[in-house]
Amino acid sequence: MPPQTQRDHTEARKAETWLRDKLQASLRNTDWEVSLGAVAIGRSHVDIVVTGPISRRLIEVKQVKEGVVYWREEQIETAQAHRDIYVIALVSSSGPDTHEVRWVWNPLSDFAALQPSVSWYWKEQPAQGGLSDDWRPIDSPPCVEPERFKAVVTLPEHYVMNLPTGVPALVERLEIRQ
């Protein structure tokens, strides 16, 4: 994994751990339980599952970097299959070990309104071909279907500032929607 990707992955895990710890502390004396790790659901893994007596919430943790989040194809499929219980936690950090969470209760409709773009990914597939005397390829490059995609969602500051903030916002929502 390239150093920047490894650093981003490490920061994302820190954000998940921070939120999981906060949720466990806030829900300790309630009927709600917080998963100890990611839970496989369909083709994806949901970062945190909060389970109550009669319902559950699937929480995807997204670290906000420079006002952008990336939402993978299989995560979108999970949101579509579980639209009433799937939420996104946007975690930002203003410094070392300093986090803040903002909640997107309806990411499919909320993010659609922000006009996301797509980022396509291809599996690396080497191809062989000949070169002409002037060092130009003789053959056309391979045409390969993309392996997957991510939605690229740019979050305007006014949008983020109007989202529910903090763990108490989720706790209140759990009590209301039990």
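1. A nonpolar surface patch of about 400 Å² is formed by Val 118, Trp 120, Trp 122 and Val 144. Patches comprise residues with over 30% relative accessible area and no salt bridge, nonpolar side chains (Val, Leu, Ile, Met, Phe, Trp, Tyr) being joined within 5 Å and like charges within 9 Å. Accessible areas follow the Shrake-Rupley method with a 1.4 Å probe, and for residues only the protein chains shown count as cover.

2. The model is predicted: local features need pLDDT of at least 70, side-chain atom pairs count only at pLDDT 80 or more, and totals for chains, interfaces and linings use all residues. Residues are numbered from 1 along each chain as its sequence is written, and side-chain values use heavy atoms, with hydrogens and water left out.

3. The chain contains five helices and ten strands, taken as DSSP runs (helices H or I, at least four residues; strands E, at least two) and numbered from the N terminus. Its radius of gyration is 20 Å, well over the 16 Å that the globule rule gives for 178 residues, so the chain is more spread out than a compact globule. The radius is taken over C-alpha atoms, and the rule is 2.2 Å times the number of residues to the power 0.38. Along the principal axes, the C-alpha atoms fill a box of roughly 75 × 35 × 30 Å.

4. Of the 178 residues, 37% count as buried. The accessible surface of the chain is about 11,300 Å², with 50% belonging to carbon and sulfur atoms. Among contacts (heavy atoms within 4.5 Å) with a separation of 6 or more, 61% involve residues 24 or more positions apart.

5. Five salt bridges are found in the whole structure, each defined by a side-chain nitrogen of Lys or Arg within 4 Å of a carboxyl oxygen of Asp or Glu. One of them joins Glu 16 and Arg 13 at 2.1 Å, N to O. These two residues are three apart in helix α1 (residues 3-26), and therefore separated by about one helical turn. Glu 16 is buried at 9% relative accessibility, whereas Arg 13 is partly exposed at 35%.

6. Arg 102 pairs with Glu 100 in a salt bridge, the closest N and O atoms being 3.4 Å apart. Here Arg 102 is buried at 9% and Glu 100 is partly exposed at 33%.

Note on methods. Buried < 20%, exposed > 50% of the residue type's maximum accessible area, 1.4 Å probe, protein only.
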